[in-house]
Amino acid sequence: MIFAVTAAAVFLLDFFVKQQIENYLVSGKSKKFCKGRVLLCKHHNYGAIFNRMEKRPGLVKKFCGGFLLSLGIVWFLLLRKKDNFGLKLGLSLLLGGGGSNLYDRIVRGYVVDYLSFQTPWKWLNRIVFNISDFFIFLGSILAAFGGK
């Protein structure tokens with residue numbers, strides 16, 4: 001039960017924040033936090049990671065949907081087992097974050113990204129994230145290293 005609640009909480013948290021960003025933040029404008037190191041901005045990502053395949057959104061939706069469906073089946077089968085807490089938590093985070101981004105792709109036609117960081121590395125400064133991205137990253141690490 002805790003794993004289903006975790007996945008739902010990740011989905012709903014990011015869903016709520018994306019709604020606020022869409023409703024109240026103007027595209028092209030950013031708000032600075034933490035002495036300008038964290039930027040809140042509205043970015044629409046029509047492709048996959050780094051806007052890759054933005055010209056083929058249907059393929060991105062199918063790939064992401066198929067991947068999440070496969071992940072969901074594995075997650076569901078693992079829920080019956082008593083061990084593998086880290087793996088189940090990781091998959092829950094992946095499903096919640098991935099589900100939120102897939103929802104955006106299907107309903108909006110793009111993923112809403114809104115967090116950027118100002119760092120010494122220019123390549124990192126150009127990337128705009130959302131909360132789901134962080135949960136997907138954390139979930140991937142837990143799933144990879146959290147088994148048994």
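Phe134 is partly exposed in this predicted model, with a relative accessible area of 35%. Here, buried means under 20% relative accessible area, exposed means over 50%, and partly exposed lies in between (1.4 Å probe, protein chains only). Phe117 also counts as partly exposed, at 25% relative accessibility. Phe117 and Phe134 form an edge-to-face aromatic pair, with 6.1 Å from centre to centre and 70° between the planes. Rings of Phe, Tyr and Trp (its six-membered ring) pair if their centres lie within 6.5 Å; planes under 30 degrees apart count as stacked, over 60 as edge-to-face and the rest as tilted. Phe117 lies in strand S3 (residues 111–117) and Phe134 in helix H5 (residues 131–145), so the pair ties together parts that are 17 residues apart in sequence. Helices (H or I, at least four residues) and strands (E, at least two) are DSSP runs, numbered from the N terminus.

Residues are numbered from 1 along each chain as its sequence is written. Because the model is predicted, local features need pLDDT of at least 70 and side-chain atom pairs count only at pLDDT 80 or more, while totals for chains, interfaces and linings use all residues; side-chain values use heavy atoms, with hydrogens and water left out.

Strand S3 also holds Asp113. This residue is buried, with a relative accessible area of 4%. Asp113 and Asp133 are 20 residues apart in sequence, and their C-alpha atoms are 8.9 Å apart in space.

The structure holds nine aromatic pairs. One of them joins Phe11 and Phe15, whose ring centres are 6.2 Å apart and whose planes meet at 10°, so the pair is stacked. Both residues sit in helix H1 (residues 2–24); they are four residues apart, and therefore separated by about one helical turn. Phe11 is partly exposed, with a relative accessible area of 23%. Phe15 is partly exposed as well, at 27%. Ring pairs link Phe11, Phe15 and Tyr103 into a cluster.

The surface was examined next. Leu69, Ile73, Phe76, Leu77 and Leu79 make a nonpolar surface patch of about 470 Å². Patches are made of residues with over 30% relative accessible area and no salt bridge; like charges are joined within 9 Å, and nonpolar side chains (Val, Leu, Ile, Met, Phe, Trp, Tyr) within 5 Å. A salt bridge is a side-chain nitrogen of Lys or Arg within 4 Å of a carboxyl oxygen of Asp or Glu. Accessible areas come from the Shrake-Rupley method with a 1.4 Å probe; for residues, only the protein chains shown count as cover. Phe76 is found in helix H2 (residues 57–79). At 46% relative accessibility, Phe76 counts as partly exposed.

The structure holds zero disulfides (pairs of cysteine sulfur atoms within 2.5 Å). For Cys41, the nearest cysteine sulfur is that of Cys34, 14 Å away. Cys41 is buried, with a relative accessible area of 14%. Cys64 is buried too, at 17%.

The overall fold has five helices and three strands. Along the sequence, the pattern reads α-β-β-α-α-β-α-α. The radius of gyration is 16 Å, close to the 15 Å that the globule rule gives for 148 residues, so the protein is as compact as a globular protein of that length. This radius is taken over C-alpha atoms, and the globule rule is 2.2 Å times the number of residues to the power 0.38. The C-alpha trace spans about 50 × 35 × 25 Å along its principal axes. Of the 148 residues, 42% count as buried.
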